[in-house]
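Hi,

Here is the structure I promised to pass on. Have a look at it first, and then read my notes below.

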Amino acid sequence: MSEPTSSGDDAPVDRTQFDREYGIERQVGDPELHEPVLIVMLTGWIDAAGAAAAAADQLARACESSPILSFDDDMYIDYRARRPTMELRDGLNTNLDWATIEMRAGRSPGGRDVLFLVGPEPDMAWRRFGRAVSTLAVEFGVRQMVALGAYPFAAPHTRPARLSVSSPSPDVLASVSFARRSVDVPAGMAGVLEHALHARKIPAIGIWAQVPHYISAMEYPAASVALLDGVDEVTGISIDALGLRAEVDTQRARLDRMFAEKPENEAMLRQLEELHDLAPSQEDGEVVEELELRSGDEIAAEIQEFFKDQP
């Protein structure tokens, strides 16, 4: 495996110096990796229904991943915003659970090496973190980066969760079938990493699942399954996730029953279906504003109450 290279050029740098400068602590000195895919799922930014976290967890489990390195908490995490959890047992302070960013390595069921960048999104030193991750990606021979996310949208649960895409590379965009949006929004760390790896000539893409706005505060396995299918399309990494896929049908049936009992909600659902079935070029904010949609919070509260009474 090659030594780390500097972020400014491809001249080798001393690994010990690099690790000290960027706050890297290695659990495995030289992991055996062959052209791995890097999956990024950093919590703290947009992940409606926790769909991306659930998809990444399924992938990490299927790939039997284990930690190979972690990042210095004090360099990247603001613990006033992400306080450690103190475990009290009968007044005894037994442990402090600190949020940590780590990189894990595993192998897919099909034999593809996979790296996972997981943990909380850094609170500070974003450019430094981007240089660190992109340099590690070069060191480990990463051939592709895929970031996962999910956002609330005026979409019906009666349709498959739609995926959208982000990438700094027109070539990468041309290679996938996902929807493309034009919007100015605050960036997450995954967007920064897209540019950092693209600058090192590593194809980088963000895959985003749309989650119905009225269920975005609950689990939504359909979006997680869509993300897994998106990863399969982009990378060829396929996992069964049979339990998660079974949950899609179960939740769909329960939601259908709930909407059938509320005529006003069923009318809204029909509007959402009409919107979803429009051509992608018509699927924009102006069309959404023309529909009289009920509050997602209001419907979510009703769904919560409905599910409490279900077996």
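**What I found**

The buried residues of helix H6 are covered by, among others, S2, strand S7 (113–120), helix H4 (126–139), S8, strand S9 (163–166) and S10. Here helices (H or I, at least four residues) and strands (E, at least two) are DSSP runs, numbered from the N terminus. Buried means under 20% relative accessible area, exposed means over 50%, and partly exposed is in between (1.4 Å probe, protein chains only). A contact means heavy atoms within 4.5 Å. H6 itself spans residues 189–199, and its buried residues are Met-189, Leu-193, Glu-194, Ala-196 and Leu-197. After H6 comes Lys-201, with a positive phi near 65°.

Before you go further: this is a predicted model, where local features need pLDDT of at least 70 and side-chain atom pairs count only at pLDDT 80 or more, while totals for chains, interfaces and linings use all residues. Residues are numbered from 1 along each chain as its sequence is written, and side-chain values use heavy atoms, with hydrogens and water left out.

For the big picture, the protein has 11 helices and 10 strands. Of its 311 residues, 49% count as buried.

Now find strand S8 (residues 144–153). Nine of its 10 residues are buried, so the rest of the structure largely encloses S8. Two strands pair if DSSP finds at least two bridges between them. S8 runs parallel to strand S2 (residues 37–43), and four bridges join them; Ile-39 has Val-146 in S8 as its bridge partner. S8 also pairs with strand S10 (residues 204–212), again in the parallel sense, over nine bridges. There, Tyr-151 stands opposite Gln-210 in S10.

What about the inside? A nonpolar core is a set of buried Ala, Val, Leu, Ile, Met, Phe, Trp, Tyr and Cys residues joined through side-chain atoms within 4.5 Å. The largest one has 53 residues, and Ile-39, Leu-59, Val-146 and Leu-148 have the most contacts inside it. Helix H7 (residues 221–235) gives the largest share of this core, eight residues. A second, separate core has 33 residues, including Leu-33, Leu-38, Ile-68 and Tyr-76. In general, nonpolar side chains tend to be buried together in soluble globular proteins.

Leaving out residues up to four places away in sequence, Ile-207 touches several others, among them Val-146, Leu-148, Phe-178 and Leu-227.

Last, the charges. A salt bridge is a side-chain nitrogen of Lys or Arg within 4 Å of a carboxyl oxygen of Asp or Glu, and by this rule there are 16. In one of them, Asp-229 meets Arg-245, with the closest N and O atoms 3.2 Å apart. This pair links distant parts of the chain, 16 residues apart: Asp-229 is in helix H7 and Arg-245 in helix H8 (residues 242–260). Asp-229 is partly exposed at 38% relative accessibility, and Arg-245 is partly exposed too, at 28%. Another salt bridge joins Arg-252 and Asp-256 (2.9 Å, N to O). Both lie in H8, four residues apart, about one turn of the helix. Salt bridges that share partners also join Arg-15, Asp-19, Arg-26, Asp-30 and Glu-139 into one network.

Cheers
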